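Please look over the charged side chains in the model shown here. The points below take them in turn.

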Amino acid sequence: MPKYFFHIRRNDVFEEDPEGIDLATPELAFEEATAAAREIVAERIRMGNRANGDTFEIMTEDGSLVATVSFRSAIRLD
């Protein structure tokens, strides 16, 4: 099963995910990143912090970029 890494880009800062997660498909990795972004945004809102501006960069073990998930796109504001 492939391993996907959910790195976070925040402006000019890049936080690497050292562990990754085993998932069957890139689509599942995208869904997992979207759910994780929602949880992070919710926690930031509870703490009174800024809730947006970050992006997950989903990469494979060989460093290939699979997808990006902006935290803003993970939440609905309508």
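1. Asp-54 and Arg-44 form a salt bridge, with 2.7 Å between the closest N and O atoms. The pair links distant parts of the chain, since Asp-54 lies in strand β4 and Arg-44 in helix α1 (residues 26-47), 10 residues apart. Note that the model is predicted.

2. Are the two partners buried or exposed? Both Asp-54 and Arg-44 are buried. Asp-54 has a relative accessibility of 3%, and it counts as buried because the cut-off is under 20% relative accessible area.

3. Asp-54 also forms a salt bridge with Arg-10, where the closest N and O atoms are 3.0 Å apart. Asp-54 belongs to strand β4 (residues 54-60) and Arg-10 to strand β1 (residues 3-10), so this pair ties together parts that are 44 residues apart in sequence.

4. Which residue besides Asp-54 forms a salt bridge with Arg-10? Glu-15 does, and the closest N and O atoms of Glu-15 and Arg-10 are 2.4 Å apart. Arg-10 is partly exposed, with a relative accessible area of 26%. Glu-15 is partly exposed as well, at 35%.

5. Taken together, Arg-10, Glu-15, Arg-44 and Asp-54 are linked in a network of salt bridges. Side chains of opposite charge can pair when their charged atoms come close.

6. How many salt bridges does the structure hold? The count is 5.

Methods:
Residues numbered from 1 in each chain as written. Predicted model: local features only at pLDDT ≥ 70, side-chain atom pairs only at ≥ 80, totals over all residues. Heavy atoms only, no water. Salt bridge = Lys/Arg side-chain N within 4 Å of Asp/Glu carboxyl O. Buried < 20%, exposed > 50% of the residue type's maximum accessible area, 1.4 Å probe, protein only. Helix = DSSP H or I, 4+ residues; strand = E, 2+ residues; numbered from the N terminus.
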